[in-house]
Amino acid sequence: MSAIIAALVLTASAGVSSFAADSDTTGTAPAAPVAEQPAGATDTANNDATSTHTSSGTVTDDNKSDSGFYAPKADLYGDILVKESGSTGDYDTEHDKVFETKAGATLDFKATLNGKDVETQYTETLDNVKKKIDSHPLAQILRVTSDKLGAKGERINITDQLNSFLELEITPDSKLIFPTEISSYKLDAEDVDANGNKRVWYYIDETKSDVTGATKKIYMQLNFTNGSAYYKNNTPNVAREGAVTIDTYDDLAPFIVGPTAKLKDLNLLINGVKVADDAQPGDYTVKSVLKGSFVSNPAVGSYTWKTLSGFIGEKAEEKIEYKWTTVQETAQNDNLDGKDNIQPASDNNPWLTVRIPEPVKPPVVPEKPVVPVNPDRPVVPVNPDRDPLQPTIPGTENEKPVTPEVKPEENTPVVPEKPEVPAQPEVKPNVPTKENSKVEKKSTVNKLPQMGVSTIAGATTAIGTVLAAASALTFKKRK
């Protein structure tokens, strides 16, 4: 039995000695994100964390790799924002109200990604491996320390099996017409190094993307290069303009660690989204899901991750593999409060809703009420002498007083108006003279027949008028 124990000790010692000797050409791995947010320790590694934020990238009983060194899942916080095309204003996060638009409008969308929990994952992976080495009994006996990994992991080689991608799926309402050409989708994953050189950490791989269907798939590839045999044989033509050289664990730090790390500010811009011309008043939603992966087989000297994790970890692992999905960015995650205003609490995927409001109806003006006619109101007679084309002006010719008709009392005889007597022609008297006296007498005898009918009629009418007046007066006295 003692011989078996001694053999195990010698084998372990040889392994640690080899690790110590080879540690100048190191290897151990990077980190990446996934999943939902389990209960875990407060994030202290994340520089932009708050005291209320619990990082999903920390190791817990429910989120622990087989080796026990890292959390295999961590959240990436995402959001979708919108604004009118051509607007110089900020994008709307829609956390306080739904964004309003109209049929036929053109919109610009922006999908954001914040991998702040990956920083916790990244730093914990390195810290946990170092702590395990420093606390391992055989390492202490052989005086092997964690500084052989490098202060920031610069001695951990991660080139073997290295790769990473992000895949975003966007599913808009059919009335929101997204571009069907991948060139219309622009990824902002660029920064500069200390020397001012451009670095493009991810790019859109057009060969693996498809935006022609109802669901738009955008595949984003890690843009890296290195001189390893694995890279040359298994990842040909991956590098694009601005590719980043990634050999060691520390080479990932500029992308992950610190408040200005680009992984905390990835943006996908989608311009020219058309609201259908026949879109009716209502809500139109864009939903999204993001998944991704980071893989590497770190090595410290000649020891692979499988050997190292089996020697000092809880269980041997073939490689480090992180998987992740996005969750909606909210104020609780200490960044943007961008959750869709009408999104149910049960749905935690990034999505956004735009609304076409109901048309505003003009106010109803009540008709002028009709004043009922008062039957007891006296009728004001119309002045027939008033000029209808001139305004009514009191005291002028257009406002002549009208004498109302007065009805006679009962049993009162009506006195007819005195008719006009036509003017009689002047009749000169016949004055007899010596010359015509005999003739005058003769003509006098024959005068009445010569006076004519009109003269006799006028005389008769006058006599009738006098008799009628006398009769009326007589009647009134009798009464």
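**Pockets, bridges and a helix**

Colleague: What is the volume of the second largest pocket?

Modeller: The second largest pocket has about 330 Å³. A pocket is an open set of points on a 1 Å grid over the protein atoms alone, with protein on both sides within 12 Å along at least five of seven lines. Its volume is the space filled by probe spheres set on the points, which are joined across faces, edges and corners.

Colleague: And where do these values come from?

Modeller: This is a predicted model, in which local features need pLDDT of at least 70 and side-chain atom pairs count only at pLDDT 80 or more, while totals for chains, interfaces and linings use all residues. Residues are numbered from 1 along each chain as its sequence is written, and side-chain values use heavy atoms, leaving out hydrogens and water.

Colleague: OK. Which residues lie nearest the centre of that second largest pocket?

Modeller: Leu-187, Val-200, Tyr-202, Tyr-203 and Ile-204, out of 17 lining residues; a lining residue has an atom within 4 Å of a point. Strands E6 (185-188), E8 and E9 (202-204) each give two or more residues to this lining, and E6 gives the most, with four. Strands (E, at least two residues) and helices (H or I, at least four) are DSSP runs, numbered from the N terminus.

Colleague: How many charged residues are in the lining of the second largest pocket?

Modeller: Seven, alongside eight nonpolar and two polar residues. Asp, Glu, Lys and Arg count as charged; Ala, Val, Leu, Ile, Met, Phe, Trp, Tyr, Cys and Pro as nonpolar; the others, Gly among them, as polar.

Colleague: How many cavities of 30 Å³ or more are there?

Modeller: Four. In a cavity, a 1.4 Å probe fits but cannot get out. The largest cavity holds about 150 Å³ of space.

Colleague: What lines the largest cavity?

Modeller: It is lined by 18 residues, with Ala-111, Thr-112, Leu-113, Leu-168 and Leu-290 nearest its centre. E1, E3 (106-114), E4, E13 and E14 each supply at least two of the lining residues. By class, twelve are nonpolar, five polar and one charged.

Colleague: New topic. How many salt bridges does the structure hold?

Modeller: Ten. A salt bridge needs a side-chain nitrogen of Lys or Arg within 4 Å of a carboxyl oxygen of Asp or Glu. One of them joins Glu-314 and Lys-64, at 3.6 Å from N to O. That pair links distant parts of the chain, 250 residues apart: Glu-314 is in the loop between H6 (305-312) and E17 (320-328), and Lys-64 in the loop between H1 (2-22) and E1 (76-84).

Colleague: Is Glu-314 buried or exposed?

Modeller: Exposed, at 54% relative accessible area, whereas Lys-64 is partly exposed, at 35%. Buried means under 20%, exposed over 50%, partly exposed in between (1.4 Å probe, protein chains only).

Colleague: Which residue forms a salt bridge with Lys-198?

Modeller: Glu-241, with the closest N and O atoms 2.8 Å apart. Glu-241 lies in the loop between H4 (229-234) and E12 (244-245) and Lys-198 in E8 (198-200), so the pair ties together parts 43 residues apart in sequence. Glu-241 is exposed, at 61%, and Lys-198 partly exposed, at 35%.

Colleague: Back to H6. Which of its residues are buried?

Modeller: Trp-305, Leu-308, Ser-309 and Ile-312 are buried in H6. They cover an arc of only 95 degrees around the axis, so they sit on the same side of H6. The arc is that of the directions from the helix axis to the C-beta atoms.
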